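Dear colleague,

Please find below the structure that I am handing over to you, followed by an account of what was found in it.

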Amino acid sequence: MGVAVITTTGTRTEQGRRTGASTGAAKRVRRPAGRPAPSVPAKRPLPAGLPREWYESHNRRLKAMRLAIALLDTGVYHPANASNRRIRTTAERIGIHPPSDTTCRMVRSLIHDAD
C-alpha cells in the first residue's frame with residue numbers, strides 16, 4: 001500500500017505576497033504511517049449492451065436508495081410515514097429530480113425492509 005501525498009499551493013500572507021508558489025514548486029506533505037488513507041471504491045462504468053429497461057431500473061434503484069437513506073436520516077422509520085409528498089420534498093431538499101410514483105413505492109419498500 002502506498003503513502004498518500006497531499007499537494008498544496010502557496011498561501012497569501014497579511015501583506016498580500018504569495019508564499020511557496022513563487023518558485024512554482026509545490027509542498028508535499030506525507031500522511032503519518034499510523035493513519036492509512038480511507039479506501040474509496042473506484043467508480044466503474046455501467047456494462048454496455050444491456051436492454052434500456054435494465055439501465056432505467058438500475059438508476060431507479062439507486063435513486064430510491066438515496067431517498068430511503070435521506071428519509072431515515074430525518075427520522076422516518078416506517079413506510080406509513082413516508083408519503084409521496086414527503087419523499088418528493090426530501091428529493092428536492094437533497095437536490096435530485098422528483099421521483100415517480102413507482103420510485104416512491106420502492107422507497108417505502110426499502111424502508112419497510114429496514115424494520
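A residue is called buried when its relative accessible area is under 20%. Please keep in mind that this is a predicted model. By that criterion, the buried residues of α1 are His58, Lys63, Ala64, Leu67, Ala68, Ala70 and Leu71.

The helix α1 covers residues 52–73. Its 22 residues, at 1.5 Å a residue, should span 32 Å, and this agrees with its end C-alpha atoms, which are 32 Å apart. Just after α1, Gly75 adopts a positive phi of about 100°.

The largest nonpolar core has eleven residues in all: Ala64, Leu67, Ala68, Leu71, Val76, Ala82, Ile87, Ala91, Cys104, Val107 and Ile111. Two or more residues are given to this core by each of α1, α2 (84–94) and α3 (101–113). The largest share, four residues, comes from α1. One core member, Ile111, touches Ala68, Leu71, Val76, Tyr77, His78, Pro79 and Ala82, leaving aside residues up to four places away in sequence.

Two packed helices are described by the angle between their axes and the distance between the axes. Here the axes of α1 and α2 come within 10 Å and cross at roughly 95°. Angles of 65 to 115 degrees count as roughly perpendicular, so α1 is roughly perpendicular to α2. On the α1 side, the contact is made by Arg66, Leu67, Ala70 and Leu71, while α2 contributes Arg86, Ile87, Thr90, Ala91, Arg93 and Ile94. By class, this contact of α1 with α2 has six nonpolar, one polar and three charged residues.

Yours sincerely

Notes. Residues numbered from 1 in each chain as written. Predicted model: local features only at pLDDT ≥ 70, side-chain atom pairs only at ≥ 80, totals over all residues. Heavy atoms only, no water. Core = buried A, V, L, I, M, F, W, Y, C linked by side-chain atoms within 4.5 Å. Buried < 20%, exposed > 50% of the residue type's maximum accessible area, 1.4 Å probe, protein only. Contact = heavy atoms within 4.5 Å. Expected span 1.5 Å × (residues − 1). Axes fitted to C-alpha atoms, helices over the stretch in contact; angles between N-to-C directions. Parallel < 35°, antiparallel > 145°, perpendicular 65-115°, else oblique. Nonpolar A, V, L, I, M, F, W, Y, C, P; charged D, E, K, R; others polar.
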